[in-house]
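Good morning, and thank you for making time for this presentation. Please look at the sequence and the structure as they come up on the screen.

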Amino acid sequence: MALAKLSDLIHKADDTYAVGAFNVSDMEMAMGAIRAAEEMRAPLILQIAEGRLRYSPLDLLGPLMLAAAKRCRMPTAVHLDHGGTMETIRLALDLGFTSVMFDGSKYPLDENIARTKEVVKLARSYGADVEAEIGRVGGAEGDYKSVDVLVTSVDEAVRFAEETGVDALAVAIGTAHGNYREKPNLRIDRLKEIHAATKTRLVLHGGTGLTEQDFRTCLANGIDKINIATASYDASAAKIKAVHSEKPEANYFDFSNAIVEATYANVKKHMQIFGLNGKA
């Protein structure tokens with residue numbers, strides 16, 4: 001199947017479901033995610049964060065992700081998550097990624113807007129979509145330094161969306177990347193306000209550790225894309241440990257299959273929570 005654009009997938013989402021965006025770092029994770037999407041007949045977003053590229057170089061992993069997406073029988077977008085440099089963003093676009101995220105949340109608002117506009121201009125020349133972030137999702141994505149949550153302002157979100165023209169906007173409502181040290185305090189009230197004030201599609205980062213009800217409440221109040229990364233990595237590591245414990249003589253291919261199975265199970269579980277069954 002031909003590659004899908006991010007906007008094509010999330011613009012169809014409504015308050016009954018959100019599209020899952022799943023980070024992958026190798027062939028096995030991509031295979032597991034595709035298997036889940038095909039079984040669920042669900043749209044899929046495969047993504048990799050710039051902070052993970054030390055382990056999975058983009059010039060190697062990117063073509064694999066694109067080949068996997070084209071092989072999938074369900075509409076699949078390929079996305080750069082948390083792009084921080086123009087070099088990496090341009091490489092993703094050159095490879096054929098259908099969307100890129102520029103994360104300028106560490107900059108003052110005016111600078112974030114200016115840098116995001118440069119990315120939008122570049123991406124449009126490739127026919128690609130852009131996601132950006134305003135406010136600050138807590139924790140750390142990959143090798144990036146951990147930061148505290150800075151809840152997104154409604155007025156700033158409206159200004160940012162209008163001035164940049166991004167296709168998707170990641171908002172900070174109390175979530176954090178990685179595993180939570182304490183129960184997150186989700187600002188659903190702020191999500192409702194932002195959703196009512198802007199037509200831009202909204203993205204939830206920091207999904208690992210949220211409850212099923214948390215997810216459903218978020219998608220019912222304006223979230224159209226939900227990112228899942230740590231949960232898949234943790235599931236894969238746990239499965240490898242279990243295989244080794246149960247079968248000390250396990251070989252490389254046993255572990256390879258363990259990653260496929262763990263990713264498949266985790267992606268399918270989240271797709272069910274996100275209401276994606278039959279939505280392709």
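This is a predicted model: local features need pLDDT of at least 70, side-chain atom pairs count only at pLDDT 80 or more; totals for chains, interfaces and linings use all residues.

Let me turn to helix α3. This helix covers residues 58–71, which makes 14 residues. From its first C-alpha to its last it reaches 19 Å, close to the 20 Å expected at 1.5 Å a residue. Which residues of α3 are buried? They are Leu58, Leu61, Gly62, Met65, Leu66, Ala68 and Ala69. Viewed down the axis of α3, these buried residues fall within an arc of 165°, so they line one face of the helix.

What do the buried residues of α3 pack against? Their partners are α2 (27–40), β2 (44–49), β3 (76–83) and α4 (86–95). The axes of α3 and α4 are 10 Å apart, and the two helices pack at an angle of about 35°. Their crossing is right-handed. On the α3 side the contact is made by Leu58, Asp59, Gly62, Pro63 and Leu66, and on the α4 side by Thr88, Leu91, Ala92 and Leu95.

The next element is helix α5, residues 109–125. Its 17 residues reach 25 Å from first C-alpha to last, close to the 24 Å expected at 1.5 Å a residue. Buried in α5 are Leu109, Asn112, Ile113, Thr116, Val119, Val120, Leu122 and Ala123. These buried residues pack against α4, β4 (99–102), β5 (129–134) and α6 (154–164). After α5 comes Gly127, with a positive phi near 75°.

Strand β4 brings us to Ser99, which has its place in that strand. Is Ser99 buried or exposed? Ser99 is buried, with a relative accessible area of 0%. Leaving aside residues up to four places away in sequence, Ser99 touches Leu6, Val78, His79, Leu80, Ala128 and Asp129.

Arg41 has a positive phi of about 55° although it is not a glycine. Arg41 is found in the loop between α2 and β2, and is exposed, with a relative accessible area of 52%. His82, a residue other than glycine, also has a positive phi, near 50°. The place of His82 is in strand β3, and at 1% relative accessibility this histidine counts as buried.

Why is Asp189 described as partly exposed? Its relative accessible area is 39%, and the partly exposed class lies between buried, under 20%, and exposed, over 50%. Asp189 and Ile173 are 16 residues apart along the chain, and their C-alpha atoms are separated by 8.9 Å.

Notes:
Residues are numbered from 1 along each chain as its sequence is written. Side-chain values use heavy atoms; hydrogens and water are left out. Helices (H or I, at least four residues) and strands (E, at least two) are DSSP runs, numbered from the N terminus. The expected span of a helix is 1.5 Å times one less than its number of residues. Buried means under 20% relative accessible area, exposed over 50%, partly exposed in between (1.4 Å probe, protein chains only). The arc is that of the directions from the helix axis to the C-beta atoms. Contact means heavy atoms within 4.5 Å. Axes are lines fitted to C-alpha atoms, for helices over the stretch in contact, and angles run from 0 to 180 degrees between N-to-C directions. A crossing is left-handed if the near helix is turned anticlockwise from the far one by less than a right angle, and right-handed if clockwise.
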